[in-house]
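Please look at the structure below and follow its charged side chains.

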Amino acid sequence: MSGTLTIDDQTIPFTDGQTIIEAARTAGVYIPHLCHRPGYTPHGSCKLCTVKVNGRTCSACTFPAAEGQKVVNNSEELQEARLRITQMLFVEGNHFCPTCEKSGNCELQAVGYHLNMLDSHFPHFYAHRKVDASHPDILIDHNRCIFCNLCVRASRESDGKDVFGIAGRGIHKRLIINSPTGQLKDSNISVEDSAVQVCPTGAILVKRTGYKTPIGGRIYDQHPISTIACKKRETDSTG
Amino acid sequence: MTGNDTMKTFLETVLAEADYQPVRLLKILRAVQAQYRHIPATAIDFLSDKLNIPRTQIIAVVEFYSFLHATPQGRYDLLFSDSITDRMQNKESLLAYAAEILKVRVGEVRKDELVSLNNTSCTGMCDQGPAGLVNGYPLPRLDRPKIDTIAALIEQEIPLDDWPAELFQVEETIYKPGLLLTQPFSNGDAIKATFNRGLTETLAEVDLSNLRGRGGAGFKTALKWRTCAIQAATPRYVICNADEGEPGTYKDRMLLNLYADQVFEGMTLCAAIIGSTQGLVYLRAEYLFLYEKLQNVLQNRRDQGLLGTTILGQAGFDFDIEIRMGAGAYICGEASAQIESLEGKPGIPRTKPPNSVICGYLRKPTVVDNVETFFATTHIAIKGGQWFADVGTPQSTGSKLLSISGDCARPGIYEYPFGTRISEILSDCGAEEVMGVQIGGPSGTFISNRELERTLAFEDLSSAGSFMVFNHTRNIFDVVQNFTDFFAHESCGFCAPCRVGTSLLKNQLNKIIDGHGSAVDMEKLSEICMVVKNFSHCGLGETAANPILTTLASYPELYLEQLKRSGFSPGFNLDATLAIARQLTQRDDSGAHLSQQVEN
């Protein structure tokens, strides 16, 4: 079964079982998101993909597409809220783009550009977070984790492992590692795992690869995320 | 045996009692917590192996629930209920006193590990506060002499079983019984009435009654039951939501304490109607004191043929009820979060659709209803739907149980027909010089004394049971701050707007209350409110800004009075930040100081 729905007055097709965000992406319509990645179970936690469906507020990444839906995506109200939510993610962790090796390949940064984010707007939390550099090939910088859950899902669904989990409550959320010591080196992760590639920020990095592509030549240096996201089928390398 | 062997033997026993079922992880961890005063890492590894679940799931559960700990708590773990009504009854000074005489700081464990002291979210004893918990058991009506007694018992290491019973005496005071509380009832009445009338016909009576869920959301009960009943998938489950966590609410405590049979009977007739064989009661951790009593009620019902197989001789009608304890998380009052918790996971609300009626416990059709809802259905089954629909308003039929607390002469349980004016309720409970009323708890609505002719109803002021009165001596910001802190503490952290937004709200509100706010800070406060309210994943986020938004609507002038007159005011002490510079340069002249006030 399939049908059509409209997003901001543009009619697009969908197939049965598709979510709104997937129908939109396939049709080349960008709905901002960070916790969504085609192929993984939808999570619906970053709330950037919030749209209005027939007047009701929904997460486009979890809400099923249906015949005749009228979806508002690009309204001033929604873009403003997306900007504020993105700024919330920036102040929650410690994100210093100029010194981050993910800069240019970072989806959080790219969404910030897309939403014309010029400052952090809210007071920073200056959270005390650690770096786990224990693994020979993989680095985790908890300062940059936005709890999108993608590594958790990738490890479980794609790698057949359960390397990551998210613990804690409220503002005390934290990414945890499934190993006897809690350190990455003692887990069964491997550098080839999808979970290592899937991070939308610079929280999970492959060591010694950060500057292979010079700044200026990276994904979002070349094209806005609105274009890349609609082309992207599978995970991108961290470059 | 070594300590590790002893622990393994203990864990094997606990696992066997839980039938090695990962869904009973909370039960298992509660037992480990009670035995070892924390969840040791070795226990996590062992349980992970035996239950075949990742250790990350166990760690996530331990960190999610307030009553589970990664580090050892005291042998006597003393908690003070931190609801606004406790604070209004001198809780802060009692807590400080307890800290002083027990020689332990709030939030810490004493060096000898004998005692730990901390705050906890509302324990549901608001009519008999200030209240505490010791090793999970309630200590109502605390005062200095009682703290002295408790401290002496702790120092002498007297086992909890040997403490004077009156310390734990919970009273149920019903000032105004109404439609439901006055009904006569004998065990089995509602089940018999249901089968005599017929299942379809009884569901039609529930429909006719227009009963709406008493947990707050007000979803029509008959529609929920019918939707569940027509699902093809089996088994189907009945869950009684006894996770009454909304600060100020304790009417479910009273129902379970005094009317448990009628609640269980409501679950049983629901099971008959939807075709369920298994019921679960999710009892909030704070009501541990009811656990044994409720188990006995269940056993009596089994003995009377009201639970078990072939209930009251009805061939093929088998149903039983299991009680599962929570572990301290407000969010688990939300149906889908509760189901996650019942499955042994952190209580994170699920994404909808699908609704839990279609895809609930173990992904099967599930009815989750409030304690009071089941209680009401018992009497609707006996008396019929019209009897219930004749009371209240067309949109809000029947009566509502209120737990009244705060500034009034007679805090306790009251039952009113929907549509009753707030002023009448205030007069009944002996409230004078009212500044405002919080209806429905922190997630509900604050009304000022100019709005007291409004009514209790889903279409006006809805309440799951909480009704807190504040008189003229109260500072409104103490109320708002307590509620806003509560939501930041209880946010599950799943979605970005609520996880970050509730903490931003807390900080921003504090800035204004502390007198550091300017006009632009009020704008920012409102802006955060709107993002949290409109973009959060679940009801907690949607309502977390209500304390600010509704008090701001009632008393905007009080907020304005808090603001600085300058155009800009830093959120920190300018002069204090120069202290190190002064020290390094050895200066302390007037030129080395900054004035806090920045001129326009």
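Is B:Asp127 buried or exposed? With a relative accessible area of 13%, B:Asp127 is buried, where buried means under 20% relative accessible area, exposed over 50%, and partly exposed in between (1.4 Å probe, protein chains only). This is a predicted model, in which local features need pLDDT of at least 70, side-chain atom pairs count only at pLDDT 80 or more, and totals for chains, interfaces and linings use all residues. Residues are numbered from 1 along each chain as its sequence is written, chains are lettered from A in the order in which they are written, and side-chain values use heavy atoms, with hydrogens and water left out.

Side chains of opposite charge can pair when their charged atoms come close. A salt bridge here is a side-chain nitrogen of Lys or Arg within 4 Å of a carboxyl oxygen of Asp or Glu. Over all chains, the count is 50 salt bridges.

One of them joins B:Asp127 to B:Arg253, with the closest N and O atoms 3.0 Å apart. B:Arg253 lies in helix α11 (residues 251–258) of chain B and B:Asp127 in the loop between β3 (115–120) and β4 (132–134), so the pair ties together parts that are 126 residues apart in sequence. Helices (H or I, at least four residues) and strands (E, at least two) are DSSP runs, numbered from the N terminus. B:Arg253 is buried, at 0% relative accessibility.

Helix α11 of chain B also holds B:Lys251. This residue forms a salt bridge with B:Glu372 (2.9 Å, N to O). B:Glu372 is in helix α15 (residues 371–383) of chain B, 121 residues apart from B:Lys251. Both B:Lys251 and B:Glu372 are buried.
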